Amino acid sequence: MLRTFYSDFRNYLKSTGFKIGVIVIFGYVTFFSAVMALLYRIALHDIVPAEDVLCSYCDMAAFLITGSTLLMFATDYSNGTIRNKILSGAKRSEIYLSAIFTGILISLIYSAIAIVFELGFALVLSDGLAILTVSEEAGICLQYMISSMAIGAFSTMLVMVLGGLRISYFAGLVFAFVCNIISSEVADKLYPQEGPVMITGARLFLYTAYDRFMPYAHFQQFQRWPFSSYVIGSAVMIAISILVGLIIFERKEIR
């Protein structure tokens with residue numbers, strides 16, 4: 001298992017998919033930070049707060065992670081890598097778990113790289129934090145990292161169990177897009193700009209549970225819930241990705 005994981009992780013770090021992900025992160029954070037700094041300067045005649053620079057990653061994290069895992073893992077089916085691993089004697093559980101943990105670690109690296117880029121631009125373009133304390137901002141960064149890990153596990157699971165089918169090329173991106181829409185709807189109803197919360201009963205319970213425990217909803221500029229909620233939500237998604245995906249992958253026909 002460790003040998004398979006080490007080999008996979010090393011190969012994926014060298015892969016084109018991973019490199020494209022790093023380039024996209026740098027390009028997006030650069031563009032976002034420059035636009036925010038320009039808007040503050042023109043519209044408000046002020047300097048952009050660090051908070052508005054440090055949240056750039058949250059806008060694209062789910063799509064970046066999903067797209068990168070698709071680029072890295074889907075080709076393992078098209079080029080026969082998984083089939084060759086099985087023929088060489090590797091257990092399916094080793095292959096699957098190696099992929100999941102590689103997806104988790106790659107996603108963690110992506111979030112760490114994004115935070116480093118954001119911190120660099122925040123130091124250059126802003127005068128520091130305007131609302132949050134350093135410890136609060138650090139908590140949000142950790143929130144991004146554990147949510148990224150959960151989405152990395154889940155998106156890798158989708159590719160591994162659907163690999164070889166056409167749906168594998170867009171299932172994760174569609175799911176991320178739907179979750180983005182749901183997250184916007186939930187935030188609009190739970191945190192209205194004016195007036196009290198209008199939803200009640202089962203709908204309020206479901207919206208609250210989604211906002212509190214769903215990793216796809218955790219890329220927020222501010223922490224809405226105790227940090228333990230983000231840990232629990234991410235841990236549950238990782239556990240589901242491992243257990244459910246492993247059961248399906250063990251029975252999956254590999255061509």
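Mentor: A residue counts as buried under 20% relative accessible area, as exposed over 50% and as partly exposed in between, with a 1.4 Å probe and protein chains only. In this predicted model, local features need pLDDT of at least 70, side-chain atom pairs count only at pLDDT 80 or more, and totals for chains, interfaces and linings use all residues. Residues are numbered from 1 along each chain as its sequence is written, and side-chain values use heavy atoms, with hydrogens and water left out.

Trainee: Is Phe219 buried or exposed?

Mentor: Phe219 has a relative accessible area of 12%, so it is buried. Tyr57 is also buried, with a value of 0%.

Trainee: How many aromatic pairs are there?

Mentor: Rings of Phe, Tyr and Trp (its six-membered ring) pair if their centres lie within 6.5 Å; planes under 30 degrees apart count as stacked, over 60 as edge-to-face and the rest as tilted. The structure holds 12 such pairs. One of them joins Tyr57 and Phe219 edge-to-face, at 6.2 Å centre to centre and 85° between the planes. Tyr57 lies in the loop between helix H3 (50-53) and H4, and Phe219 in the loop between helix H10 (201-213) and helix H11 (227-251), so this pair ties together parts 162 residues apart in sequence. Helices here are DSSP runs (H or I, at least four residues), as strands are (E, at least two), numbered from the N terminus.

Trainee: Which residue forms an aromatic pair with Phe154?

Mentor: Tyr216 does, edge-to-face, at 6.4 Å centre to centre and 85° between the planes. Phe154 is in helix H8 and Tyr216 in the loop between H10 and H11, so the pair ties together parts 62 residues apart in sequence. Phe154 is buried at 13%, and Tyr216 is buried at 8%.

Trainee: How is empty space found?

Mentor: Rolling a probe the size of a water molecule over the atoms shows where empty space is left. On a 1 Å grid over the protein atoms alone, a cavity is a set of points where a 1.4 Å probe fits but cannot get out; a pocket is an open set with protein on both sides within 12 Å along at least five of seven lines; lining residues have an atom within 4 Å of a point. Grid points are joined across faces, edges and corners, and a volume is the space filled by probe spheres set on the points.

Trainee: Which residues are closest to the centre of the largest pocket?

Mentor: The largest pocket has a volume of about 300 Å³. Of its 18 lining residues, Cys58, Asn180, Ser183, Tyr216 and Phe219 are the closest to the centre. H9 gives the most to this lining, with 6 residues.

Trainee: What lines the largest cavity?

Mentor: The largest cavity holds about 60 Å³ of space. Its lining includes Thr66, Thr69, Leu70, Ser155 and Ala171. H4, helix H8 (134-162) and H9 each supply at least two of its lining residues.

Trainee: Where is Ala171, and what is Ala171 in contact with?

Mentor: Ala171 belongs to helix H9 and is buried at 16%. Contact means heavy atoms within 4.5 Å. Leaving aside neighbours within four places in sequence, Ala171 is in contact with Leu158 and Leu162.

Trainee: Why is H4 largely enclosed?

Mentor: Of the 13 residues of H4, 11 are buried, so the rest of the structure largely encloses this helix. The buried residues of H4 pack against H1, helix H2 (16-44), helix H5 (75-78), H7, H8 and H9.
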